[in-house]
Amino acid sequence: MPPLSPADRDDFARSGILFPIPVLGPAEIAAARRVAEAVRALPPDIRKPLLRSKTHLVSRTLWDMLFHPAILDTVEGLVGPDMFVWGANFFAKDAGSPDYVSWHQDAQYWGLEPDDIVTAWVALTDSSRDNGCMRVVAGSHRTPLPHVDTFAADNMLSRGQEIAVRVEDHQATDVVLRPGEMSLHHVRIAHGSEPNRSDRPRIGFVIRYVGGHVRPTGGRRDGAVRVRGIDRGYFVPETPPKGELHPDDLARHAASR
């Protein structure tokens with residue numbers, strides 16, 4: 001994948017979203033799918049936190065994906081040469097699942113500044129309208145919107161965070177991806193997804209890339225992984241896992257919650 005062109009960067013600045021971008025080959029997709037299925041087979045008290053936060057800390061396969069050259073070379077064009085991964089996790093919906101993601105803007109909750117932050121949404125299955133692909137409101141990253149916590153049933157967000165104004169269907173763009181493709185979206189873009197109304201699963205792995213000049217607010221000391229460039233000391237360095245779901249890594253993940 002060649003680096004982003006000036007036209008690509010202008011498009012991202014205008015819309016807050018770029019897709020589809022091919023990044024993974026068949027063997028890489030299969031390896032990541034195996035990790036996803038292994039995590040999803042764990043008991044609920046272990047599985048749910050792992051699906052929601054920093055899954056890369058328990059899987060060498062996922063850790064290595066953070067450093068994938070095709071991903072980094074593309075993201076660098078948006079956040080600069082110094083890059084960290086602040087978080088990474090699965091978003092998975094079984095066939096026929098009622099789970100959905102309400103319309104929201106991540107920047108309202110993450111406590112990072114400035115907002116030179118990009119999420120890579122890497123498709124491990126096809127991601128289409130019928131199985132609940134991500135949807136975005138192009139250009140909405142330029143306007144912070146008020147939010148409420150709904151704690152709604154089947155909402156995949158921890159507090160059911162939701163934009164307090166109505167998003168009309170005609171405003172939404174469906175981010176349709178094939179396995180191995182990714183989208184890149186701005187931390188402030190309004191996005192969400194509908195239930196999986198198909199007979200097949202929808203699985204994605206999302207990686208939160210932040211520029212090296214981005215720092216936590218409020219004096220927090222968040223953990224992060226330096227993937228390229230200079231470390232200015234804003235984050236606590238995270239270390240690679242021992243393998244795939246190693247007991248020591250699972251215990252470390254549980255202790256960090």
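Rings of Phe, Tyr and Trp (its six-membered ring) are taken to pair if their centres lie within 6.5 Å, with planes under 30 degrees apart counted as stacked, over 60 as edge-to-face and the rest as tilted. By this rule the count comes to 4 aromatic pairs. The structure is a predicted model, in which local features need pLDDT of at least 70 and side-chain atom pairs count only at pLDDT 80 or more, while totals for chains, interfaces and linings use all residues. Residues are numbered from 1 along each chain as its sequence is written, and side-chain values use heavy atoms, with hydrogens and water left out.

**Aromatic pairs**

- Phe 84 and Phe 235 have ring centres 5.6 Å apart and planes at 35°, so this pair is tilted.
- Because Phe 84 lies in strand β2 and Phe 235 in the loop between β14 and β15, the pair ties together parts that are 151 residues apart in sequence; helices (H or I, at least four residues) and strands (E, at least two) are DSSP runs, numbered from the N terminus.
- Both Phe 84 and Phe 235 are buried, where buried means under 20% relative accessible area, exposed over 50%, and partly exposed in between (1.4 Å probe, protein chains only).
- Phe 90 and Phe 205 form a tilted aromatic pair, at 5.2 Å centre to centre and with 55° between the planes.
- Phe 90 belongs to strand β2 and Phe 205 to strand β12, so the pair ties together parts that are 115 residues apart in sequence, and both Phe 90 and Phe 205 are buried.

- Strand β2 (residues 83–93) pairs with strand β14 (residues 223–228) in the antiparallel sense over 3 bridges, and Val 85 stands opposite Val 225 in β14.
- Strands β3 and β11 run antiparallel and are joined by 2 bridges, and His 104 has His 191 in β11 as its bridge partner.

**Salt bridges**

- The whole structure holds 25 salt bridges, each being a side-chain nitrogen of Lys or Arg within 4 Å of a carboxyl oxygen of Asp or Glu.
- Asp 126 forms a salt bridge with Arg 200, with the closest N and O atoms 2.9 Å apart; Asp 126 is in the loop between β5 and β6 (134–137) and Arg 200 in the loop between β11 (190–193) and β12, 74 residues apart.
- Glu 194 meets Arg 135 in a salt bridge (3.2 Å, N to O), and since Glu 194 lies in the loop between β11 and β12 and Arg 135 in strand β6, the pair ties together parts that are 59 residues apart in sequence.
- Glu 194 is partly exposed, with a relative accessible area of 22%, whereas Arg 135 is buried, at 5%.
- Glu 194 also meets Arg 197 in a salt bridge (3.1 Å, N to O), and Arg 197 is exposed, with a relative accessible area of 58%.
- A network of salt bridges links Arg 129, Arg 135, Asp 169, Asp 174, Glu 194 and Arg 197.

Conventions: Two strands pair if DSSP finds at least two bridges between them.
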